[in-house]
Amino acid sequence: MQIFAGKGIVGSAGTGSPRFLLVILCRLCISNRRQNMQYEIIPIRTKESAEDTKFYAYILKSSMDFQLDVYRPMIILCPGGGYEMTSDREAEPIAMRLLSMGYHVGILRYSVAPARFPTALLELAEVMKLVHENREKWHVDADKIFVQGSSAGGHLAASLGVFWNQPFLCELA
C-alpha cells in the first residue's frame, strides 16, 4: 500500500482519512520496545447516547531515558459538525499537531442528531470524569485538563464551562 503518491494521499478503502493516518502513526510509534504512545478507544454511555459515541485517548508515554513520571496536560477535542456529525478534519489532524507539541489528547465523538440537549454535554462531562479517574494511569496533570471545540464542538465546550456546576451535571461526579 502506498500512503503518499504525488500530491495526494492514496490507498485502499478509507486509507486516506486522517483517522487512518493517525492510527498508522500510533502503530509506528508503539512498534518499538519503548511504546511511546498508548491509544485507547473508550465507549461513552449516558442515558441518551448513540451507540457510536466514543472517546479516543492518545496518551504519550514518558521516555525511559529521561522524563520519568512526567505528568502532561490533556486536551479534549470536540469536533464541529453542526450537531449533525463530528468532522474528521477537526479531530485527528488537530490531535496530531497537539501530540507533536507534547500534550495528551482525547477526541470525543459525541452523539449528534437525532440526539438532543443535553446528551452531548452529559457525554463531555462523563469524559472529564473519565480523565480525572485515569489521571494517574495516563500521567495527566489534573490542573491542566482543557476542552477545545470547533464550531458546534466549541459550543459544547463552552456549555461545559457554563453548566459545570449545575445539578444535572454534578450528579455524574
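Reply: A salt bridge here is a side-chain nitrogen of Lys or Arg within 4 Å of a carboxyl oxygen of Asp or Glu. Please keep in mind that this is a predicted model.

Me: Which residue does Glu40 pair with?

Reply: Glu40 meets Lys137 through their side chains, with 3.4 Å from N to O. This pair links distant parts of the chain, since Glu40 sits in strand E3 and Lys137 in helix H4 (residues 135-138), 97 residues apart.

Me: And Lys137, is that buried or exposed?

Reply: Lys137 is exposed, its relative accessible area being 53%.

Me: What about Asp88, which partner does that one have?

Reply: Asp88 forms a salt bridge with Arg109 at 3.1 Å, N to O. Here too distant parts of the chain are linked, with Asp88 in the loop between E5 and H2 and Arg109 in strand E6, 21 residues apart. Asp88 is partly exposed at 34% relative accessibility, whereas Arg109 is buried at 5%.

Me: Which residues make up the network of salt bridges?

Reply: The network links Asp88, Glu92 and Arg109. Glu92 and Arg109 meet at 2.8 Å, N to O, and because Glu92 lies in helix H2 while Arg109 lies in strand E6, the pair ties together parts that are 17 residues apart in sequence. Glu92 counts as buried, because its relative accessibility is 0% and the cut-off for buried is under 20%.

Me: Switching to the sheet, in what order do the strands run?

Reply: The open sheet is formed by 5 strands in the order E3-E4-E6-E5-E7, and the pairing is mixed. Strand E3 (37-43) and strand E7 (140-149) stand at the edges with a single partner strand each, so one side of each has no neighbour in the sheet. On average, neighbouring strands are turned by 15° against each other, direction ignored.

Me: How do E4 and E6 pair?

Reply: Strand E4 (residues 54-60) and strand E6 (residues 104-109) pair in the antiparallel sense, over 5 bridges.

Me: At what angle do H3 and H5 pack?

Reply: H3 and helix H5 (residues 152-163) pack at about 75°, with their axes 10 Å apart. Angles of 65 to 115 degrees count as roughly perpendicular, and the two helices H3 and H5 are therefore described that way. In the contact between them, Ala120, Leu121, Leu124, Ala125 and Met128 of H3 meet Leu156, Ala157, Ser159, Leu160 and Phe163 of H5.

Me: Last topic, how many disulfides are there?

Reply: A search of the whole structure finds 0 disulfides. As for individual cysteines, Cys78 is buried with a relative accessible area of 0%, while Cys170 is partly exposed at 37%.

Note on methods. Residues numbered from 1 in each chain as written. Predicted model: local features only at pLDDT ≥ 70, side-chain atom pairs only at ≥ 80, totals over all residues. Heavy atoms only, no water. Pairing = 2+ DSSP bridges. Helix = DSSP H or I, 4+ residues; strand = E, 2+ residues; numbered from the N terminus. Axes fitted to C-alpha atoms, helices over the stretch in contact; angles between N-to-C directions. Disulfide = S-S within 2.5 Å. Buried < 20%, exposed > 50% of the residue type's maximum accessible area, 1.4 Å probe, protein only. Parallel < 35°, antiparallel > 145°, perpendicular 65-115°, else oblique. Contact = heavy atoms within 4.5 Å.
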